[in-house]
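Please consult the sequence and the three-dimensional view while reading.

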Amino acid sequence: MARRPDQAVPKTEILDSVWDTAFRGDLNIVEVYVAALRRKLAAARARCVIETVRGVGYRLVP
C-alpha cells in the first residue's frame, strides 16, 4: 500500500505479498492485521489512514 498510495490493493495481493503464496488460511487474517496497523497509525498520529475499498481491498490515503 505504501508503494501505491491512493490506489486500492486487493486483499489477495496483500496476502501474497506478506505471507507465502502457499498460505491456505482465511483471508480474514488480512483484516486482522489491517486493523492492527490502523491502531498503530492512530497512536502515532500519522498523517495517513488505511481506507477500505468495498469489494476491492485497502488503500493508503495521505
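Q: In which segment does Asp6 lie?
A: This is a predicted model, in which local features need pLDDT of at least 70, side-chain atom pairs count only at pLDDT 80 or more, and totals for chains, interfaces and linings use all residues. Residues are numbered from 1 along each chain as its sequence is written, and side-chain values use heavy atoms, with hydrogens and water left out. Asp6 is not a glycine, yet its phi is positive, at about 65°. Strands (E, at least two residues) and helices (H or I, at least four) are DSSP runs numbered from the N terminus, and Asp6 lies in the segment before β1.

Q: In what order do the three strands of the open sheet stand?
A: Two strands pair if DSSP finds at least two bridges between them. The pairing is antiparallel and the order is β1-β3-β2.

Q: Which residue takes a positive phi in the hairpin of β2 and β3?
A: The hairpin has three residues between its strands. The positive phi, near 80°, belongs to Gly55.

Q: At what angle does α2 run to β2?
A: Helix α2 covers residues 28-43 and reaches 23 Å from its first C-alpha to its last, close to the expected 22 Å; that expected span is 1.5 Å times one less than the number of residues. Arg45, which lies in the loop between α2 and β2, has a positive phi of about 50° although it is not a glycine. Axes are lines fitted to C-alpha atoms, for helices over the stretch in contact (heavy atoms within 4.5 Å), and angles run from 0 to 180 degrees between N-to-C directions. α2 lies across β2 and β3, and its angle to β2 is about 145°.

Q: Which elements give two or more residues to the lining of the largest pocket?
A: On a 1 Å grid over the protein atoms alone, a pocket is an open set of points where a 1.4 Å probe fits, with protein on both sides within 12 Å along at least five of seven lines; lining residues have an atom within 4 Å of a point. The lining has 14 residues, with Met1, Val9, Ile14, Ser17 and Val18 nearest the centre. The elements giving two or more residues are α1 (11-18) and α2.
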